[in-house]
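Here is a quick walk through a protein model with a ligand in it. Have the structure open while you read, and click along as the residues come up.

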Amino acid sequence: MKSSLVGSKWIEIDLDAIKTNYMNIKQKLNPGVKFLGVVKADAYGHGAVEVGLLLEKIGADMLGVTTAEEGKELRLAGVSIPILVFGAFFPEDVELYFNFNLTATVACMESIQWLKQCTDRDDKSIKIHIKVETGMGRFGFWPCDVVLAAKEILKIPGLQLEGVYSHLAVAMRKNKSFSFRQFSVFQETCKSLEKAGIKGLIRHIANSSAVVDLPEMQLDMVRVGTLLYGQYPAPYMEDTLKLKDSWVFKAKIVYVRDLPRGQSVGYGRAFRTHKNISVAVLPIGVIDGFQVEPVSKPVNGWELFKNIAKLILNYFGYLRVVPFAIFKEGKGKVIGKVGMQYTMVDVSRVNNLKVGDVAQISARRTTMRLDIPKVYLENGRIVRVRVGSIVKNGIK
Ligand SMILES: *Cc1c(COP(=O)(O)O)cnc(C)c1O
C-alpha cells in the first residue's frame, strides 16, 4: 500500500530521531536559553511543515525560515509559535508579515520605512529583530548604525522591537578566533543598545556549531538547524553530543542482472567490468539531486590541495564517499556515471536480490528534489505520507 502511494523512490523521515536530537541539544543549553528551531529550506529537506509542527509540540520557542512565504506555509499548516524570518524582504512582502504574524529581520534603513508605510494603514503590529553585521559580510547593520536603527523602529507605533542578532561565519572550524571576534563585536553592539536605554531584547548569535563548541555564546536564544537533523557541522564534534540520523533515501530496484566481463556500464562507458558481476539498476539520478555536489572555487592553497587529493583518491577508488546502496542482505557501490534518472549499483556481493527490493542510498540531503515523496515515521510506524502537496495522515 505504501508503495503505490510513494512510487519507486522516497525519503523516510524519522520524527523520533528529531525529537531525540532536540532533547539532547536542550541538555547542552544553559538554563533559560530559548530554542529556535531552523526549518528553512524545507527543514533541510525534511519537510518544514512536519518538522515545524513537531517542534512546536515538543516545546521549541520559535522557528526560523528564510522567506516570508516559508513562514506563511507554516502558519497555514497550523503552526502558532513565533516564526522569525531571517531573510531580506521587498516592500511587497510586508503584507505577509502582518497577515501571518511573522517576525521580521530588519537589516537596512529602507526596510524600516517599508514597514512603516504598512503600519500607517493597519492597526496590527509586527515584531522585529535587528540583524547586525559582525563578519558574515552578507546583510545586517554596521554595529555603529544599530542604535540609530533601533530608535527609528521604536518611533513607529506598529513595530515592536523584540530582538537583536548576528550570524557566525566559521563557527564549525576548530580555530575559534574569528568567531570570538564576531562575538565581541556583537556584545559591544548589545551594550551600546543598553546604554541607549533599549533593554530586554532577545540577543542571539549561536548556531549548531556554537551550541556544541561555544557555550558562552548562547546568550538568550540559540538557532539550531544541522544538529536537529542528526548531523554534525564538523566531524571533530561527534563525541560531544549524541545525535540520531533523521533522513534516509530509499529506492526500489527496477532491474537486476549479471553482466559479463568487459561490459561497459552507463553513459561515457565510464565503468567497465573486470569480471562477471551482478548489477542492480535504481530509478534515481541527477534529476532527483542525487550526486549533485555544490562546487565552489578553493579559497586557499590548502583547500586546492585537498580537492586535488580527493580527486586522485576517488580516481583510484580509495575514497569512502563513493555513493553506496544498502540492501537487507548487504551493500553495493554505485558504478559508472549517474544518469539523468538511473543509477547502477554493483551488487555482486549481495545475494538473492530481485526487482522491487528496496535499497537505502547514501545521498546529500540539501540537493535532493523537494518533491520526492516523504514518509514520516513515529514510534516505528508510518504516520504521514507527503507526495508533492498531497498529504495522507494516520497511515498504519
Ligand atoms: C541556517 C541558519 C542557522 C542554523 O545554522 P546551523 O548551523 O544549521 O544550526 C542559524 N541562523 C541563521 C540566520 C541561519 O541562516
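Arg 384 and Glu 50 pair up through their side chains in a salt bridge, 2.8 Å from N to O. Keep in mind that this is a predicted model, so every distance here is computed from predicted coordinates. Arg 384 sits in strand S20 (residues 381–387) and Glu 50 in helix H4, so this pair ties together parts that are 334 residues apart in sequence. Are these two side chains buried or exposed? Arg 384 is buried, at a relative accessible area of 16%, and Glu 50 is buried too, at 6%.

Glu 50 has another partner: the side chain of Arg 386 meets Glu 50 in a salt bridge of 2.7 Å, N to O. Arg 386 also lies in strand S20, so here the link spans parts that are 336 residues apart in sequence. Arg 386 and Glu 50 are both buried.

What about the helix that carries Glu 50? H4 covers residues 48–58, and eight of its 11 residues are buried, so the helix is largely enclosed by the rest of the structure. Glu 50 is on that buried list, along with Ala 48, Val 49, Val 51, Gly 52, Leu 54, Leu 55 and Ile 58.

Asp 16 is buried, with a relative accessible area of 16%, while Lys 19 is partly exposed at 22%. Leaving out residues up to four places away in sequence, Asp 16 touches Leu 377, Glu 378, Asn 379 and Gly 380.

| Pair | N to O distance |
|---|---|
| Arg 384 and Glu 50 | 2.8 Å |
| Arg 386 and Glu 50 | 2.7 Å |

Next stop is Lys 9, in strand S1 (residues 9–14). Lys 9 counts as buried because its relative accessibility is 16%, and the cut-off for buried is under 20%. What does its side chain reach? A polar atom of the Lys 9 side chain lies 3.1 Å from the backbone oxygen of Pro 283, and a polar contact of 3.1 Å joins the side chains of Lys 9 and Asp 288. Beyond residues up to four places away in sequence, Lys 9 touches Phe 249, Lys 250, Ala 251, Pro 283, Ile 284, Asp 288, Ile 372 and Pro 373.

Now for the ligand. Which residues surround it? Val 38, Lys 40, Tyr 44, Phe 86, His 167, Asn 207, Ser 208, Arg 223, Val 224, Gly 225 and Thr 226 do. By type, the shell splits into four nonpolar, five polar and two charged residues. The side chain of Thr 226 has an N or O atom 2.6 Å from an oxygen of the ligand, and Gly 225 uses a backbone N or O atom, 2.9 Å from a ligand oxygen. On its own the ligand has 380 Å² of accessible area, and the protein covers 90% of that. Helix H3 (40–45) and strand S9 (221–224) are the elements that each give two or more residues to this shell.

Most residues other than glycine have a negative phi. Arg 269, though, has a positive phi near 50°. Arg 269 is in the loop between strand S12 (264–265) and strand S13 (271–272), and is partly exposed, with a relative accessible area of 45%. Gln 291 also has a positive phi, near 65°. You'll find Gln 291 in the loop between strand S14 (277–282) and helix H11 (301–315), partly exposed at 35% relative accessibility.

Key. Residues are numbered from 1 along each chain as its sequence is written. This is a predicted model: local features need pLDDT of at least 70, side-chain atom pairs count only at pLDDT 80 or more; totals for chains, interfaces and linings use all residues. Side-chain values use heavy atoms; hydrogens and water are left out. A residue is near a molecule or strand if one of its heavy atoms lies within 4 Å of it. A polar contact is a pair of N or O atoms within 3.5 Å; within protein, one must be able to donate a hydrogen and the other to accept it, and residues adjacent in sequence count only if both atoms are side-chain atoms. Accessible areas come from the Shrake-Rupley method with a 1.4 Å probe; for residues, only the protein chains shown count as cover. Helices (H or I, at least four residues) and strands (E, at least two) are DSSP runs, numbered from the N terminus. Ala, Val, Leu, Ile, Met, Phe, Trp, Tyr, Cys and Pro count as nonpolar, Asp, Glu, Lys and Arg as charged, and the others, Gly among them, as polar. Buried means under 20% relative accessible area, exposed over 50%, partly exposed in between (1.4 Å probe, protein chains only). Contact means heavy atoms within 4.5 Å. A salt bridge is a side-chain nitrogen of Lys or Arg within 4 Å of a carboxyl oxygen of Asp or Glu.
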